[in-house]
Each structure stands twice: as C-alpha cells, then as structure tokens.
Amino acid sequence: MTDQRVKVGNSDLEVFPLVLGGNTFGWTSDEATSRKVLDEYVEAGGNFIDTADVYSAWAPGNAGGESEIILGRWLAVRGNRDQVVVATKVSEHPQYKGLTHDNVIAAANESLLRLGVDAIDLYYAHFDDKSTPLEETAAAFDELVKAGKIRAIGLSNYTADRIEEWFRIAREHGYALPVALEPHYNLVARGNYERTLAPVAARENLAVFPYFSLAAGFLTGKYRSAADAEGKARQGMVADYLNADGFALIDALDAVAKAHGTAIATVALAWLRHRPQVAGPIASARTPEQLPALLDSVSLDLAADEIAMLDKASEPFAK
C-alpha cells in the first residue's frame with residue numbers, strides 16, 4: 001500500500017488520501033472490532049481518522065462520545081498518537097448543541113478528555129448554527145487554535161455563502177482560517193457540491209473530505225434492484241437511487257471495476273479522489289473484512305476515458 005500523503009489546505013497536516021470514518025465505533029462495531037479496523041487501516045499506511053462528539057448518540061443506550069472514547073483508548077494502548085491525525089466535530093452532541101462560544105470551548109474540552117489527547121488535529125464545525133452569530137463561532141475556534149487545543153479548523157455542512165462569510169470575518173479579525181471542508185459528495189450526490197461548494201473550496205484552498213462517499217452502501221453495488229433493499233436497515237437512505245439511472249451507474253462502475261479486477265466500491269472512491277480539491281474521501285468499515293476494497297482505492301488510477309464514462313453515467317445526479 002502506498003504511503004503517499006496529501007496536504008490539508010494551508011495547514012501543516014499531511015494525511016493519507018483515504019480517511020477512516022469513526023461513525024461505526026461503538027455503534028455497529030464493538031470496541032474489539034473497532035480496534036481491529038483501526039489497526040489494519042494504520043498497518044496499510046492510513047493515518048487520518050474522522051469522528052465527531054455526537055457519534056453515536058442515536059444508538060440505543062448511547063449518550064454520544066462513544067466513538068471518541070474508543071478511538072482514545074486505542075491511541076493510548078497503541079502509543080501512536082504522533083503517527084495519527086485525528087479529526088472530530090462540534091455542534092450535535094446532545095449536551096453540547098450549537099456553536100455558541102461557550103459551547104464550542106466546553107465541547108472541545110470534553111472531546112480532548114475522551115480522546116485523551118493534548119490537541120485535536122482538525123476540529124470541524126459539524127453543522128451550521130444560524131442562531132449564533134458567525135463572529136462568535138469563528139472567535140471561539142480561533143481561541144482554541146491560539147490555546148493550542150486544536151491545530152486546524154474545518155467546516156462541514158455549510159453553504160457556500162456561509163463559508164465565504166466565515167472567511168471574511170476571520171480575515172477581518174485576524175482569526176485562523178479554515179483549511180478543510182467536509183461535504184456530502186459522491187457519484188449520486190454531485191449537484192450541490194460541484195455547483196456551489198467546489199468553487200469556494202478552490203478559491204480558498206480548502207482540502208475536501210467527502211462524507212457518504214459510498215452513498216449508504218449503494219455505491220458498493222450491493223443493491224441491483226429495488227427488491228435487494230427491501231426490509232434492509234438502509235432502505236430509506238438508498239431509495240432515491242433505486243431506479244434506472246442508479247442501476248445504469250452501477251453497471252458503469254461494474255465495467256470499470258472488472259477492467260481493473262477490483263471492487264465497485266474501490267472505483268467509486270477512486271472517482272472521488274480524482275475530483276478537484278478532494279484530498280481524500282471518508283469511508284467507514286464495520287469490520288476489517290470491508291477495509292481492503294476501501295484501501296485499494298488509494299492506488300487505483302482511473303484512465304481519462306473511465307472517468308468520462310463515470311461522469312456521464314452519473315450526470316442525472318449532477319443536477
């Protein structure tokens with residue numbers, strides 16, 4: 001596996017071009033399985049783990065912070081903190097909702113405790129909080145940078161206008177500028193990112209780390225008909241793709257995958273990696289067995305005609 005690294009915007013962070021999503025830790029992956037996934041990801045050259053303080057408050061019996069705790073314990077046991085880049089997020093934890101100054105500071109301190117680290121490498125504003133002035137939020141993030149509690153700032157689920165406003169405020173006050181953007185982007189969710197967010201990301205040199213890279217499993221090719229999703233946990237999440245356009249795209253992915261002797265998921269992730277500003281897609285593995293198809297995307301170089309074919313097949317999802 002390659003040991004290539006990509007720079008995160010204007011920061012000094014350098015990361016593997018496939019980000020391991022931590023949303024499964026403490027939810028669909030128990031602690032022992034989560035550690036195996038983390039071990040195998042790092043052994044393959046990976047160094048960038050993306051989590052959030054809210055993961056996984058939605059699961060029965062969970063309060064939020066479970067993913068950070070599991071990640072923190074793993075870092076402590078492995079003693080590899082210096083080799084791993086950790087990203088987490090604020091605004092959605094049940095006890096720390098929103099992005100007021102005091103909430104951002106308090107949530108960051110709690111995340112630091114759960115992770116057992118002195119500093120968070122990349123700290124995201126998870127969802128925009130329009131009830132709090134952006135000046136207040138940007139000031140809180142800058143305060144955390146100056147205090148050495150976070151190394152870099154990221155934005156997730158923000159509109160282009162709000163990203164531009166954050167940059168304007170930060171420049172006006174001399175605050176630390178965001179370096180990363182985490183948007184919803186994949187072959188069946190192209191329009192919003194490509195039309196509105198990509199130009200801002202390019203202008204501000206934001207490293208882009210798309211989430212839902214495999215569209216809730218649809219882009220693994222596991223659903224070849226509407227019947228395949230019947231009664232499945234993610235049926236509602238993939239419903240919009242279970243149509244002629246979606247299946248035609250899977251056929252195109254399948255053709256490219258067969259040409260390379262690889263998995264459909266590998267091709268879908270490689271397509272994202274070839275997009276402008278994308279530093280690396282985020283993908284989760286519930287078990288170690290799911291990792292190879294994700295990791296293989298890093299070394300899969302798609303030919304221009306293959307990219308063009310996938311672009312064309314996914315055009316209905318670029319509107």
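**Entry 1: the H9 and H12 pair**

I listed the contacts (heavy atoms within 4.5 Å) first. From H9, Asp245, Leu249, Ala252, Leu253, Ala255, Val256, Ala259 and His260 meet Glu306, Met309, Leu310 and Ala313 of H12. I sorted the residues of this contact into 9 nonpolar, 1 polar and 2 charged. Nonpolar here is Ala, Val, Leu, Ile, Met, Phe, Trp, Tyr, Cys and Pro; charged is Asp, Glu, Lys and Arg; polar is the others, Gly among them.

This is a predicted model, where local features need pLDDT of at least 70, side-chain atom pairs count only at pLDDT 80 or more, and totals for chains, interfaces and linings use all residues. Numbering starts from 1 along each chain as its sequence is written, and side-chain values use heavy atoms, with hydrogens and water left out.

I then checked the geometry. H9 (residues 244-260) and H12 (residues 304-313) pack at about 165°, axes 9 Å apart. The two helices are therefore roughly antiparallel (angles over 145 degrees).

I looked up Thr266 in helix H10 (residues 264-273). Thr266 is buried at 1% relative accessible area (buried means under 20%, with a 1.4 Å probe, protein chains only). Beyond four places in sequence, Thr266 contacts Ala293, Asp296, Ser297 and Leu300.

I moved on to Leu300, in the loop between helix H11 (291-295) and H12. Leu300 also counts as buried, at 9%. Residues up to four places away aside, Leu300 touches His260, Thr262, Thr266, Val267, Ala270, Arg273 and His274. The C-alpha atoms of Leu300 and Val267 are 7.5 Å apart, across 33 residues of chain.

Key. Axes are lines fitted to C-alpha atoms, for helices over the stretch in contact, and angles run from 0 to 180 degrees between N-to-C directions. Helices (H or I, at least four residues) and strands (E, at least two) are DSSP runs, numbered from the N terminus. Angles under 35 degrees count as roughly parallel, over 145 as roughly antiparallel, 65 to 115 as roughly perpendicular and the rest as oblique. Buried means under 20% relative accessible area, exposed over 50%, partly exposed in between (1.4 Å probe, protein chains only).
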